[in-house]
Amino acid sequence: MANNLLAGKKGIIFGALNEDSIAWKIAEKAYEQGAKFVLTNAPVAMRMGAINNLAEKTESIVVPADATNMDDLNQLFEKAEEHLGGKLDFVLHSIGMSVNVRKGKHYTELNYDWLEKGWDVSAVSFHRVMQVAWKREAMNDWGSILALTYIAAQRTFPDYNDMADNKAYLESIARSFGYHWGVRNKVRVNTISQSPTPTTAGSGVKGFGGFINYAEKMSPLGNATADDCADYAITLFSDLSRKVTMQNLFHDGGFSNTGVSNEIIERFEDE
Ligand SMILES: NC(=O)c1ccc[n+]([C@@H]2O[C@H](COP(=O)([O-])OP(=O)(O)OC[C@H]3O[C@@H](n4cnc5c(N)ncnc54)[C@H](O)[C@@H]3O)[C@@H](O)[C@H]2O)c1
């Protein structure tokens, strides 16, 4: 289904860790649609090596960068512009990590050092990436910057823990920085609020199995997969969505607007 929607477009894709990663699927589809890009991930994530296979497959290069480190980010943008031969048309931020979630710390007992680390990685890094791009004037007019988020930013999902707060912050950054990008460069900034998806980050959330099955039954169209998400991301990088900005876009098979589904009700009828 390649229509060359991204022909001639250049970008940076953060967050492809393995084949399950949402960023991995987006990279594959962006390549199919004619985009050229640089792949990046935290230096520790490079050890797994899988990203090199993706680079080969998509004729891209890999530049390691910790998204919380401004020097790394500056070098990344410099190398990307050099390699791609000019400014960028799209940036994907597909990064998330909570130390409290990883270590099973309950929300009522958060460790604040861990909270700060997770907040920096998951939310502030989006500002960092945009600030670097902004100062370098790295984006072409009508470019598109995108991050991934989850509905726990609006509604409580107890085991999502401090990631809920990180996502609320991330979405706010998209609006706040999106204003400035729009005015100066006609660049759009959005977040996709994606269904629960079986990836390394997703599966790390306590009770993920129940969580994803419940969402499936609550969504008239069923959960959106990582592949579905990649299709949606392509439209947001393409010229077909040029006036969509500062939005949190639910991509969840209808979950966010469903009060209850018949399938869920049926399970409680005999109680
Ligand atoms: N999986 C889900 O259920 C789900 C649902 C909604 C939103 N999301 C969001 O989608 C995005 C991608 O996650 P995923 O589900 O594909 O999982 P994933 O584990 O494949 O991707 C997370 C990525 O973040 C990277 N990362 C962590 N720390 C970093 C740092 N300091 N610098 C640079 N990169 C760093 C990891 O290396 C990894 O590639 C995240 O923002 C996540 O919160 C996921």
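Let's start inside. The lining of the largest cavity has six nonpolar, five polar and one charged residues. Here Ala, Val, Leu, Ile, Met, Phe, Trp, Tyr, Cys and Pro count as nonpolar, Asp, Glu, Lys and Arg as charged, and the others, Gly among them, as polar. That lining includes Tyr150, Ile151, Phe250, Asp252 and Phe255. The volume of this cavity is about 60 Å³. One cavity of 30 Å³ or more is counted.

A word on the model. It is predicted, with local features needing pLDDT of at least 70 and side-chain atom pairs pLDDT 80 or more, while totals for chains, interfaces and linings use all residues. Residues are numbered from 1 along each chain as its sequence is written, and side-chain values use heavy atoms, without hydrogens and water.

Now the terms. On a 1 Å grid over the protein atoms alone, a cavity is a set of points where a 1.4 Å probe fits but cannot get out; a pocket is an open set with protein on both sides within 12 Å along at least five of seven lines; lining residues have an atom within 4 Å of a point. Points are joined across faces, edges and corners, and a volume is the space filled by probe spheres set on them.

Next, the pockets. How much space lies in the largest pocket? About 1200 Å³. Its lining has 44 residues, and Ser94, Ile95, Gly96, Met97 and Ala201 lie nearest its centre. Elements giving two or more residues to this lining include helix H1 (22-32), helix H6 (112-135) and helix H7 (163-185). Helices (H or I, at least four residues) and strands (E, at least two) are DSSP runs, numbered from the N terminus. By class, the lining splits into 24 nonpolar, 16 polar and four charged residues.

The second largest pocket holds about 150 Å³ of space. Among its lining residues are Asn100, His106, Tyr107 and Lys206. The classes here are three nonpolar, five polar and three charged.

So where is the ligand? In the largest pocket, meaning more than half of its atoms lie within 2 Å of the grid points. Around the ligand are 27 residues, with Ser21, Asn41, Lys167, Thr197 and Thr199 the closest; each has a heavy atom within 4 Å. This shell has 13 nonpolar, 12 polar and two charged residues. Helix H8 gives the most, three residues.

Last, the polar contacts (N or O pairs within 3.5 Å). The side chain of Asp66 has an N or O atom 3.0 Å from a ligand nitrogen. For Ala67, a backbone N or O atom is 2.9 Å from a ligand nitrogen. A polar backbone atom of Thr197 lies 2.7 Å from a ligand oxygen.

Key. A polar contact is a pair of N or O atoms within 3.5 Å; within protein, one must be able to donate a hydrogen and the other to accept it, and residues adjacent in sequence count only if both atoms are side-chain atoms.
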